[in-house]
Amino acid sequence: MVSVDALRCCELFVGLSRKETIQIAAVAREERYETGEVIFAEREVASRLYILAEGRVQVHVQLRSSMERDGEMTVEEVETGRVIGWSSLVRQRRFTASARALEPVTVMVIEANDMEALFDRDPHIGFVVMKQLAEVIASRLRHTRLECERRAKAGTTQVLGNSLSEPGF
């Protein structure tokens, strides 16, 4: 079981009571990843939700184009308290991006089936988590769109096998 206080700092669990967060902590566990280690890969089956407890993680997507060489683009550098692997909570159940540790990291891991079982037992938990998840997805979509627009204005693609890890992105 992970720390209830650590979970309460997670963007997905804002609005849950301590009692509700204890239920989530009961099904969560911690894992550690070393610098450069892949936590999950784009297009893999998404069966686990991750919450960053310590360190920094790069979320990136593979770019495939008939016009240019394939590469990857950093979507976001995630910091403590942020969720990654949210695809595990939506129907498609495939990761839409990859996540790589930028430094040694600790993540809290929750199996998607365990979260769904909690949602079934306590619909309020499900409502709050899915409402917060919608905010997370919308925020990341806005952020990605702004970054694409910035790169288009700059006239650069910078994707030839190099990840972009500019501060704050």
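Colleague: Val-57 stands opposite Ala-101 in β7. What makes β7, residues 98-101, a strand?

Modeller: Helices (H or I, at least four residues) and strands (E, at least two) are DSSP runs, numbered from the N terminus. β7 spans residues 98-101, so it counts as a strand under that rule. Bear in mind that this is a predicted model: local features need pLDDT of at least 70 and side-chain atom pairs pLDDT 80 or more, while totals for chains, interfaces and linings use all residues. Numbering starts from 1 along each chain as its sequence is written, and side-chain values use heavy atoms, with hydrogens and water left out.

Colleague: How do you know that β4 and β7 pair?

Modeller: Pairing needs at least two bridges found by DSSP between the strands. β4 and β7, running antiparallel, have 4, so they pass. β2 (residues 38-40) is joined to β7 by 2 bridges, with Phe-40 opposite Ala-99. β4 also pairs with β5, antiparallel over 7 bridges; there, His-60 has Thr-74 as its partner.

Colleague: Then there's the open sheet β1-β8-β3-β6. What makes β1 and β6 its edge strands?

Modeller: β1 (28-33) and β6 (83-84) each pair on one side only. β6 pairs with β3 (residues 48-54), antiparallel over 2 bridges, and Ile-84 in β6 is the partner of Tyr-50.

Colleague: Why is β5 called largely enclosed?

Modeller: Buried means under 20% relative accessible area, exposed over 50%, and partly exposed in between (1.4 Å probe, protein chains only). In β5, 8 of the 8 residues are buried, so the rest of the structure largely encloses this strand.

Colleague: How do you know that the buried residues of α3 sit on the same side?

Modeller: In α3 (residues 112-121), the buried ones are Ala-112, Met-115, Leu-118 and Phe-119. Their arc is only 120° around the axis, which puts them on the same side of α3; the arc is taken from the directions from the helix axis to the C-beta atoms. Asn-113, Asp-120 and Arg-121 are exposed on the other side. The buried set packs against α2 (18-25), β3, β8 (105-111) and α4, contact being heavy atoms within 4.5 Å.

Colleague: And what makes one face of α2 the buried one?

Modeller: Glu-20, Thr-21, Ile-24 and Ala-25 are buried in α2. Down the axis they fall within an arc of 145°, so they line one face of the helix. Their packing partners include α1 (4-8), β1 and α3.

Colleague: What makes Arg-43 exposed?

Modeller: Its relative accessibility is 52%, so Arg-43 counts as exposed. Arg-43 sits in the loop between β2 and β3 and, although not a glycine, has a positive phi of about 80°.
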